[in-house]
Amino acid sequence: MRALTVALGLSVALLSAVSSAVAASDTDPPTLTDFDFNPTSVDVSTGPAYVTCQMTAQDALSGVASAHCTFFSPNATQSASCTASAPSSGTTHDGTWSCAALVAQNTEPGTWSVQHVTLYDDAGNSRWYYTQDLADAGDPTLLQVISTQDTDPPTLTNFDFNPQSIDVSTGPAYVTCQMTAQDTLSGVASANCAFLSPNAAQSASCTASAPSSGTTHDGTWSCAALVAQNTEPGTWSVQHVTLYDDAGNSRWYYTQD
């Protein structure tokens, strides 16, 4: 019985080693067998739009873990992308992955292109299909975007913070920033403020992603920056206030501004 137990233990160990060897032997990335997206033209003059990517792929051993597609604007400064982590049909070894990429309102108009489709498998292998690879395979690569482009960053119309003196000898303290801003087309997406210590080695910052009053086109954004206990004493300064809009534009207001 003892000899059998030892032999069985060896068999289990051998099977485990073989299994590990098989898993480790997957060095082949997934293969894209078909690609398409819909619609091929969107109008984002008055609101955002979604473009659905459909990526059919195969991976014999590990199976596809995720599929990703990205569109680039004509000047390559703006993008729209999405990731699918499970097949919408078929199996992970042979199936179709679907996801919807969001094209923002008032983004750059013109002919966008599929910058890449990327496939990952469960063994860590990946394969990137760029614009030319897709075109060579006869897959679509061009997306027409109609838009009233927003190239103007938000404007800060008022800024204040409270309190203007804190004591962090026995515990941390919060400083609330209030940033009033305007952005005519896209609307403000977020507002950030940051404080810097006298020797510039320590900082405190916060970000507001929605207006506390007003609208995204004309409103006030509030957030609380945490100043840690026993941090550097002295006169701190507002290093910057940063505004971002939904078209990807940003404006930085530094101390002197």
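The following legends describe close-up views of a predicted model.

**Figure 1. Overall dimensions and composition of the chain.** The predicted chain contains two helices and 18 strands. Its C-alpha atoms occupy a box of roughly 75 × 60 × 30 Å along the principal axes. The radius of gyration is 26 Å, whereas a compact globule of 257 residues would have a value near 18 Å. Of the 257 residues, 37% are buried. The accessible surface amounts to about 13600 Å², and carbon and sulfur atoms contribute 52% of that area. Where contacts link residues at least 6 apart in sequence, 65% of them join residues at least 24 apart.

**Figure 2. The disulfide between C82 and C99.** The structure holds four disulfides, and one of them joins C82 to C99 with an S to S distance of 2.1 Å. This pair links distant parts of the chain, with C82 in strand β5 (residues 79-84) and C99 in strand β7, 17 residues apart. The link is right-handed, with 60° about the S-S bond of C82 and C99. Both cysteines, C82 and C99, are buried. When the bonded cysteines of the chain are numbered in sequence order, the pairing reads 1-2, 3-4, 5-6, 7-8.

**Figure 3. The disulfide between C177 and C193.** C177 and C193 are joined by a disulfide, S to S 2.0 Å. Since C177 belongs to strand β12 and C193 to strand β13, the pair ties together parts that are 16 residues apart in sequence. The torsion about the S-S bond of C177 and C193 is about 75°, and the disulfide is therefore right-handed. C177 and C193 are each buried.

**Figure 4. The disulfide between C206 and C223.** The sulfur atoms of C206 and C223 lie 2.1 Å apart in a disulfide. The pair links distant parts of the chain: C206 is in strand β14 and C223 in strand β16 (residues 218-227), 17 residues apart. A torsion of about 60° about the S-S bond of C206 and C223 makes this disulfide right-handed. C206 is buried at a relative accessible area of 7%, and C223 also counts as buried, at 8% relative accessibility.

Figure 5. N38 and P39 are joined by a cis peptide bond with omega of about -5°. P39 lies in the loop between β1 (31-38) and β2 (41-43). A cis peptide bond also joins N162 and P163, where omega is about -10°. P163 is located in the loop between β11 (155-162) and β12 (173-182).

Figure 6. N106, a residue other than glycine, has a positive phi near 60°. N106 is placed in the loop between β7 (94-103) and β8 (110-121), and it is buried, with a relative accessible area of 1%. A200, likewise not a glycine, has a positive phi near 65°. The loop between β13 (188-196) and β14 (203-208) contains A200, which counts as partly exposed at 47% relative accessibility.

**Figure 7. A nonpolar surface patch made by Y120, W128 and Y130.** Together, Y120, W128 and Y130 make a nonpolar surface patch of about 300 Å². Y130 is part of strand β9 (residues 126-130). The relative accessible area of Y130 is 41%, so this residue is partly exposed.

How values were computed. Residues are numbered from 1 along each chain as its sequence is written. This is a predicted model: local features need pLDDT of at least 70, side-chain atom pairs count only at pLDDT 80 or more; totals for chains, interfaces and linings use all residues. Side-chain values use heavy atoms; hydrogens and water are left out. Helices (H or I, at least four residues) and strands (E, at least two) are DSSP runs, numbered from the N terminus. The radius of gyration is taken over C-alpha atoms; the globule rule is 2.2 Å times the number of residues to the power 0.38. Buried means under 20% relative accessible area, exposed over 50%, partly exposed in between (1.4 Å probe, protein chains only). Contact means heavy atoms within 4.5 Å. Accessible areas come from the Shrake-Rupley method with a 1.4 Å probe; for residues, only the protein chains shown count as cover. Patches are made of residues with over 30% relative accessible area and no salt bridge: like charges are joined within 9 Å, nonpolar side chains (Val, Leu, Ile, Met, Phe, Trp, Tyr) within 5 Å. A salt bridge is a side-chain nitrogen of Lys or Arg within 4 Å of a carboxyl oxygen of Asp or Glu. A disulfide is a pair of cysteine sulfur atoms within 2.5 Å.
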